[in-house]
Amino acid sequence: MKKILTIDVGGTFTKYAVVTGVRRFKIQTRGKFPTEKTNHEKFLESLVEIFKDNDDVEGIALSMPGLIDTYKGICISSGALEFSNGHKIVAELQDKCGVRVTVENDANCAALAEIKSGSLKDVKDAVVLVFGTAVGGAIIRNKNIYRGAHFCAGEVSYTLKSFDALANEEYFIGLDLGALAFQKNCAEILDMPEEKITGEMIFDLVDKDDDAVLNALYEYAHGVAVMIFNLQMILDPERFALGGGISVQQSFIDVVQDKLNEICSTAPDFIPHPQIVACKYHNDANLLGALYRHLSKK
């Protein structure tokens, strides 16, 4: 029975799980810790330490943000972890751990999980959007990940948010539409420190019809809906799957759908209405997708 260490590196936390099985997967152990952001050497060592605690595994399946050359195992550009840009992360980890290592973009991992056995298993063309520190995106064409000529297909976070925008962080849409931005906005509304507020607290207030938090959610969801509408017209997928921790909240899915209905109500009749669902695997999608990538022979 295969035993694989799966690691999902996020902008805030790094999650990991030891998974057994080939067809039916079972998570034996799991954990998370703050993502190391000091330098590449310390970041790499933080991953090696997880392996040392689980050194009976046969391989490491890694999910990371940014532009990833999954075939050569290179971090072309790793988002907030700029110190890893250009590093041959697969070769480095294999050298230190002595087991086979694979790496894939985090949103592509989520898409692999959903298209293989999740909320997209019955469609051929789809888009996955993962809401976390920013917004991860993945494009599925004929049940395969479409990576593009430069491995940046689906990088919706780096799209510009206005006609007079420049191509720098101030004008990229990702940080505005990440779930973290919504959480920070709610912290300001509630006059609470950001580190004290949680998604559960926010959606508990949503369920209690708190006007201020509800208005913040509708404003946030409108931005998400506009992005989805635009992607529908560019890519024309059969379905969108929304992931990340916030996707666990049915209120989030419902409000985004409400905003999409509102936008589409004014559109010409020939415009297709985007279909959205929550990712089946929510926060575990990246871990499971990294495992699918590792077990693939492609």
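Trainee: I'd like to start with two helices, H6 and H7. How are H6 and H7 oriented to each other?

Mentor: This is a predicted model, so keep that in mind as we go. H6 and H7 are roughly perpendicular to each other. Angles from 65 to 115 degrees get that label, and the axes of H6 (residues 199-207) and H7 (residues 211-235) cross at roughly 105°, coming within 8 Å.

Trainee: Which residues make the contact?

Mentor: On the H6 side, look for Ile202, Phe203, Leu205 and Val206; on the H7 side, Val213, Leu214 and Leu217. Sorted by class, that contact of H6 with H7 has seven nonpolar residues, no polar ones and no charged ones.

Trainee: Now the cores. How many residues does the largest nonpolar core have?

Mentor: A nonpolar core is a set of buried nonpolar residues joined through side-chain atoms within 4.5 Å. The largest one here has 43 residues, and Leu129, Phe131, Leu242 and Phe252 have the most contacts inside it. Several elements give two or more residues to this core, including strand S8 (126-131), H6 and helix H8 (250-264). H7 gives the most, with 13 residues.

Trainee: What does Phe252 touch?

Mentor: Leaving out residues up to four places away in sequence, Phe252 touches Phe131, Phe203, Leu217, Tyr220, Leu242, Ile246 and Ser247. Phe203 and Leu217 also turned up in the contact of H6 and H7.

Trainee: On to the strands. How do I read a sheet?

Mentor: Strands of a sheet pair through backbone hydrogen bonds, either parallel or antiparallel. Here five strands form an open sheet in the order S3-S2-S1-S4-S7, with mixed pairing.

Trainee: Which strands stand at the edges?

Mentor: S3 and S7 (100-105) do; each has a single partner strand, so one side of each is left without a neighbour in the sheet. Ignoring direction, neighbouring strands are turned by 15° against each other on average.

Trainee: And S2, is it largely enclosed or left open?

Mentor: Six of the eight residues of S2 (residues 13-20) are buried, so S2 is largely enclosed by the rest of the structure. S2 pairs with S1 (residues 3-9) in the antiparallel sense over seven bridges, and the two form a hairpin with three residues between them.

Trainee: Which strands does helix H3 lie across?

Mentor: H3 (residues 106-117) lies across S1, S4 and S7, running at about 95° to S7. Helix H2 (residues 89-97) lies across S4 and S7, at about 150° to S7.

Technical notes: Residues are numbered from 1 along each chain as its sequence is written. This is a predicted model: local features need pLDDT of at least 70, side-chain atom pairs count only at pLDDT 80 or more; totals for chains, interfaces and linings use all residues. Side-chain values use heavy atoms; hydrogens and water are left out. Axes are lines fitted to C-alpha atoms, for helices over the stretch in contact, and angles run from 0 to 180 degrees between N-to-C directions. Helices (H or I, at least four residues) and strands (E, at least two) are DSSP runs, numbered from the N terminus. Angles under 35 degrees count as roughly parallel, over 145 as roughly antiparallel, 65 to 115 as roughly perpendicular and the rest as oblique. Contact means heavy atoms within 4.5 Å. Ala, Val, Leu, Ile, Met, Phe, Trp, Tyr, Cys and Pro count as nonpolar, Asp, Glu, Lys and Arg as charged, and the others, Gly among them, as polar. Buried means under 20% relative accessible area, exposed over 50%, partly exposed in between (1.4 Å probe, protein chains only). Two strands pair if DSSP finds at least two bridges between them.
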